[in-house]
Amino acid sequence: MMAVAGAWARGFWRDRAGVVLTLLLPPLVYLLFAAIFGAGARGEIDTSVVMQDAARTPATVAMHDALARDMGARLRTVEDEGELERAVIDGRADAGILIRPSTGRPPQIVVLSAAGRDVAAAALQARLEPMAATLSGQVAPPTARVATVQVGPTGDVQAAYYAGAVSVMFVFFAAMHGAMGGLDERRSGLQARLALARGGLAPILAGRAAWLTVVGVMQSAAVFVAAWTKLPDLAPWQAAAAAVTALLVGFSAAGLALALTAACRSREQAQPLTTFVVLLLAALGGSMAPRFLMPEAFRALGWITPHAWAIEAYQAVIWRAEFTPGVVAGWAVLAGLGAAGLGVALVLERRRAAR
Amino acid sequence: MTAPCPCMSSISSGRPILASSVAPALVLDGIEAGYDGRPVLRDFSLTLNAGEVYALLGANGAGKSTVARVACGLLPVRRGRVAVGDGTQARARIGLAPQDSALFPALSPRENVEVTARLCGVAREERRTAVDRALDLTGCGPRADQPVRTLSGGWRRRANLSAALVGQPRLLIADEPTEGVDAATRGVLSAALRETVKAGAGCLLISHDAVFVSDTADRIGVLAQGRLLAEGAPNALLHQAFGAARLLSVRLTRPTSDAAMQWFTQAGLTPTDDGLEWSRLCDDALAVAQMLAAVVDGEGGEVAVRRPGLDDLVAHLSGASS
């Protein structure tokens, strides 16, 4: 087993470009994901707004100035209602504010929204309600009737979330790509030779699984190193539990990758199949967007993916500093998937050899 | 033991082999095996002695590679018995040199051979010697430390065979070891196989290279449609099949004229499908060649007489069996 793992390791290290891409891309993508998707999920939606003040009363001018101070360059002013609509429709602005004069009555405020941008319009509407009340001479409602108190750990939870989410996605990608080397070995007869030399296929597949697991652990480590400054201070037990999670993520990815490639005759078959499976698992499992943003049905469906279990385990041990039964269950799922994948790969490879 | 094919003949090798008390390297007895319910080998029997190179010859699809896979245990048999050596740790004592370059491309030949040595269970302290010996046997030393992906086909063939030899196999299976190699490499590989069987192994050689087989094999078996048609020493089989007959062949560069065609037909020659080559096996080939020389010259072709080779034997036996 170690001889095969060692051969794969040497092949890996000699492909310098491959090493760099394998270990550098995941942290880079993590930083991008954390920056792009993290901000939205944190509530920091940087809505861009276009405004036309057709009323131009002292009160509406004061309102415009207040918004401009707050939003800065994200607020633009136009002079024409048609231009306002076009800006919203073609996406140059997430929402529009139209202030219409009204004879004998306070100016009327209208929020313009395009299809699919309901969240931006709702946020803007909530922000403008007190201003509209003031314009109409009413007393603005108190802005904090309901108190909000944050509980649990403080800090950048999304950065911690995406460290787990992105690392899991890349570990599965890398495992699928790496396992395809086995297809070349099968085609060339190398697999048959090694199996004959060792007395069976099991040690050969175990060696491949061992190496793919090591690559997975290295990738996870690279992502968590990039995320280090954004993670809470970890106790030794937390670091150890995260390392175990990374190990099991690597093993589950290796098992699944070996099973899928064993089911394929060629790279041409394996390439689209593994890409589809990895993307599907990543999407359902919360590697691309947090599962709490998904509809309930997909949230429940996500538990069929190893990604969801792994991300939950990372969140528990790293963010919440909890070692719950859920973590153990996640580990069991990951280990079980890895072992099952390895078993399926062995059965399929044996069958294929006998064809 | 099942009865051999009716048309099968068996002629012993002229080369000495190990004493009969040594267990055969491979016994296949009454084998029936195939793929997806389609039988390829039917009632197939073969005994490969320790100390001999046994070459399997046959047209594509005759079942040669299936025999190799059955011998390796990679293909289960539906009926019959497979025995390798004395049966102890049999699979681990089979060295396989597949048709393709079965090597890790990023590793050097030395590293590849080392990996196989480790898997074969060669002890750490003996490993370096075993690896060097396997590389020396195939003359792979000068390129032993370059990555396989940078080597030419011939060097890869050497490395491929070295990896199969490092475990000192009791049974060596070499599938088309000379495909795409030059004459010098062919000689080295032949010597490596001879050296291996001299040390007590048996070698099952699968090859279309008639010259290599003639130089290397002690015995050959001609296979067609999953059955052995004949087996024995190459020269003896050739003599049995053709006696003193020679192969007369006429090669043309353009379609034959009607007059020439009449001459060739009267002389008993038969054409190939494209009509550009005519041939006949006959005892008086030289006399017939002299008779046809002027006609062939007028047609812009050439006439040749040679001893039939193993390719002709395979074609002859396969044609007779079908």
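This is a predicted model: local features need pLDDT of at least 70, side-chain atom pairs count only at pLDDT 80 or more; totals for chains, interfaces and linings use all residues.
**View 1. Helix 1 of chain A meets helix 2 of chain B.** On the chain A side the residues are Met2(A), Ala3(A), Val4(A), Ala7(A), Arg10(A) and Arg14(A), and they meet Glu111(B), Glu114(B), Val115(B), Arg118(B) and Leu119(B). Contact here means heavy atoms within 4.5 Å, and helices (H or I, at least four residues) and strands (E, at least two) are DSSP runs numbered from the N terminus. Side-chain values use heavy atoms, without hydrogens and water, residues are numbered from 1 along each chain as its sequence is written, and chains are lettered from A and ligands numbered from 1 in the order in which they are written.

**View 2. A salt bridge joins Asp100(B) to Arg187(A).** Their closest N and O atoms are 3.9 Å apart. The term covers a side-chain nitrogen of Lys or Arg within 4 Å of a carboxyl oxygen of Asp or Glu, and the count between chain B and chain A is 3.

**View 3. Here is the side of chain B that touches chain A.** Helix 1 (64-72), strand 6 (94-97), helix 2 (109-120) and helix 4 (153-165) each supply at least two residues. Helix 2 of chain B gives the largest share, 7 residues.
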